[in-house]
Amino acid sequence: MLKLFKEIRRAGDATVGYPFQPLEMPAGFRGKPEHNEKLCIACGACAIACPANAITMELNADQSLITWDISYGRCIFCGRCQEVCPLFAIKLTGEFELAVKNKGDLRESCSYAVVQCARCGRPYAPAKEVDYARRVLASVGGVAATDIEKLDLCLDCRRADDAEAFQKQARERKGA
Amino acid sequence: MTTKRQTALRVGETHVQAVRDTFPGAVLDATWQAADQVTITVPTDMLPDVVEFLYYGRGGWLPNMVANDERPINGSYALYYLLSMEESDPGFVVVRAEVDPDSMEYPSVTPRVPACVWSEREAFDMFGLRAQGLPDERRLVLPDDWPSNLYPLRKDAMDYRRRPEPACAVENYEFLYEGHAEETTQVPMGPLHITSDEPGHFRLFVEGEDIIDADYRLFYVHRGMEKVAESRLSYDAVTFLADRICGICGNAHSVAYAEAVENAQGIEVPLRAQYIRAILLEVERLHSHLLNLGLVCHYCGFDTGFQHFFRVREKAMDLAVLLTGARKTYGLNLIGGVRRDILDEQKLATIAYVQELRNEVEALVDMLTSTANFESRTAGIGYLDPAVARDFSPVGPCVRGSGIARDVRFDHPFDGYKFLVGLSARSHNGCDVQSRTLVRVEEFMDSLTMIEQLLEGAPAGPVLTEKWQYTPHKFALGYTEAPRGEDMHWAMVGDNQKCYRWRAKAATYSNWPILRYMFRGNTVADAAIIVGSMDPCYSCTDRVTVVDVKKKTETVLTKDQLEGYCRRRTHSPLAGKGW
């Protein structure tokens with residue numbers, strides 16, 4: 001019995017001041033994911049990786065805008081989005097107080113413009129993603145950048161171009 | 001025979017040969033899924049003979065049986081009886097038999113090997129496969145109001161989002177009484193659990209204060225995870241779902257699932273990742289065992305001890321946050337390895353935590369065991385006969401408290417456990433609540449030693465591999481020793497990047513069937529501590545109905561009444577109610 005009292009005395013207060021004082025979480029704690037909409041190029045890697053489908057990407061009716069959306073109600077704080085993002089545009093923070101009074105407040109979203117194909121006029125990719133690809137290719141330069149103007153075309157038109165070029169080449173060879 | 005002979009005998013080869021010798025022509029096919037796993041296909045009518053032979057004749061234990069709808073692959077249903085061979089030639093032998101999709105029947109193994117009972121009941125619920133001769137044909141998993149001809153895991157049954165209309169308005173589950181006394185009273189406990197505030201409905205058959213028999217019904221919180229994994233998730237996201245099977249030992253499930261797929265696909269997990277997985281499994285054991293030790297204090301009326309165990313447990317939770325970024329649902333497993341490395345500073349901090357936990361828990365355990373109530377409340381209570389244990393294949397501290405040292409970490413070493421030195425499975429011979437508690441205490445201390453050894457031994461290197469090829473329809477077992485016993489996962493991936501079939505067996509699934517035997521011969525006041533000593537995990541019941549077999553009366557007790565009675569053992573809540 002005496003041992004027990006000693007132990008109680010030694011242990012002292014086990015409680016902390018939270019919620020009246022802030023609670024610091026250690027580095028690496030997986031809390032609320034923060035999305036940096038400026039860095040984001042709307043490539044959709046996070047939406048594909050998300051096991052809980054908390055992150056989704058959807059086109060509007062006329063396909064002029066693509067909307068990135070996260071539901072903190074669905075999020076399981078695994079951090080897969082952070083791992084797969086090529087631009088470090090999403091990061092898990094130490095924030096864990098996510099309760100809201102209105103369910104709708106658990107969502108955050110932002111929309112990105114979708115560009116249209118310079119030839120056929122069909123929408124084909126988020127403008128920021130195309131722009132990012134252009135900048136990457138330009139900075140690499142050399143052979144990689146030779147077809148840089150083709151970034152304005154949709155996949156179908158590029159395929160058609162490639163097919164024509166191939167056909168032309170084949171005919172020339174035959175002729176030669 | 002299609003298998004090629006190799007010079008050295010593969011694991012399990014002696015068992016396959018023994019089956020061939022004993023039952024000529026019974027082995028239609030034998031294939032190895034992994035170094036320690038072989039699946040033999042036998043004719044359906046030979047099933048009971050072969051399983052019984054391997055179980056009792058060759059030192060096998062049966063974690064569970066997996067049913068699978070293989071009609072799209074080969075035109076029939078298949079049953080996989082998983083056997084863990086633990087005497088000679090340790091490894092896993094899986095007995096597979098095909099079931100004709102027209103008759104939907106197969107001979108029940110349960111009369112020969114009682115451990116199959118839950119699995120065979122479940123195979124009927126989920127697939128409509130009827131075991132001929134199964135002594136207990138009640139529903140196990142599906143609720144009473146589920147339509148009788150809808151079998152959710154058949155491939156052509158239903159979309160996972162569909163909610164069928166309730167087929168009936170009342171509970172019609174029949175509780176079975178196996179005792180001999182003619183007049184008993186029934187004590188219903190539940191549908192909410194008396195120790196863990198989770199749902200399960202217990203029916204105690206009592207004579208006065210003595211429990212003659214008990215029956216129970218669980219699965220009130222069956223979440224249909226296997227169906228969700230098959231239909232909605234891609235196979236590599238299932239580790240995160242497996243993390244959520246249990247709020248206590250989720251990581252053990254996650255690792256077991258990942259390793260099932262890895263074994264099937266022949267993925268070699270980097271060594272460092274294997275060490276990290278083992279470390280995290282042991283971190284999980286720390287907090288789980290402290291929780292149970294705290295509960296034991298609570299049931300002995302030593303609530304100060306309960307508070308102190310929980311105070312110390314908080315350090316184990318902090319350690320988990322440090323290493324994984326979350327208190328629970330570690331979420332660190334991917335197919336092919338883990339997502340986070342343990343950095344040097346984290347290693348140092350972990351060693352400091354381990355030292356602190358060792359000192360604190362040693363002092364607390366000393367206090368618990370010297371409490372007067374501990375001995376009298378736990379010794380001789382909830383006797384689990386080793387013979388019953390042999391028949392039902394229970395796992396974890398439950399079976400180890402009955403003198404049988406089965407522990408997957410030592411019987412079938414995996415991950416970092418392969419490299420441990422100087423440790424072995426713990427066991428005690430008392431067969432009672434006390435023995436189970438002492439096993440947990442020793443295992444806790446061993447876990448600390450393991451974490452130290454593993455941290456020291458972990459080689460540098462990558463923690464994740466992506467160099468492998470996905471092959472559909474390959475299957476294998478994955479297994480871990482969760483704090484409550486072995487978790488056994490069987491997974492087969494499909495041709496659509498999803499699980500074709502995933503069977504997750506939690507430790508407690510193996511332990512529930514033996515509970516009625518542990519109840520027998522004890523008093524109503526012991527019921528709570530007996531259930532507590534199993535450290536049960538049901539996704540888990542507050543009320544208890546008590547039925548007096550003599551007076552045919554029925555009383556519903558609340559959790560608080562029962563717990564209070566468990567501590568005081570005076571002022572029976574049944575007094576004055578016609579008892």
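I count a residue as buried if 20 or more other C-beta atoms lie within 10 Å of its own, as exposed if 12 or fewer do, and as partly exposed in between, with C-beta atoms placed from the backbone. I take helices (H or I, at least four residues) and strands (E, at least two) as DSSP runs, numbered from the N terminus.

I note that this is a predicted model, in which local features need pLDDT of at least 70 and side-chain atom pairs count only at pLDDT 80 or more, while totals for chains, interfaces and linings use all residues. Residues are numbered from 1 along each chain as its sequence is written, and chains are lettered from A and ligands numbered from 1 in the order in which they are written.

**Entry 1: strand S5 of chain B**

I looked up the burial of strand S5 (residues 76–85) of chain B. Nine of its 10 residues are buried, so S5(B) is largely enclosed by the rest of the structure.

I then looked up its pairing, where two strands pair if DSSP finds at least two bridges between them. Strand S3 (residues 60–61) of chain B pairs with S5(B) in the antiparallel sense over two bridges; B:Gly60 has B:Met85 of S5(B) as its bridge partner. Strand S4 (residues 65–70) of chain B runs antiparallel to S5(B) and is joined to it by six bridges, with B:Ala67 partnered by B:Leu79 of S5(B). Strand S6 (residues 91–99) of chain B is also antiparallel to S5(B), through nine bridges, and B:Val95 in S6(B) stands opposite B:Tyr81. The hairpin of S5(B) and S6(B) has five residues between the strands, and B:Asp89 there takes a positive phi near 50°.

**Entry 2: helices H1 and H2 of chain B**

I looked up how helix H1 (residues 13–22) of chain B meets helix H2 (residues 47–57) of chain B. Their axes (lines fitted to C-alpha atoms over the stretch in contact, with angles from 0 to 180 degrees between N-to-C directions) come within 11 Å and cross at roughly 130°. H1(B) and H2(B) are therefore oblique to each other (under 35 degrees is roughly parallel, over 145 roughly antiparallel, 65 to 115 roughly perpendicular, and the rest oblique).

I recorded the residues in contact (C-beta atoms, placed from the backbone, within 7 Å). H1(B) contributes B:His15, B:Val19 and B:Thr22, and H2(B) contributes B:Val50, B:Phe53 and B:Leu54.

**Entry 3: chain A against chain B**

I looked up the contact between the chains, which takes 14 residues from chain A and 14 residues from chain B. Helix H1 (residues 2–11) of chain A supplies the largest share of the chain A side, four residues.

Methods:
Contact = placed C-beta atoms within 7 Å.
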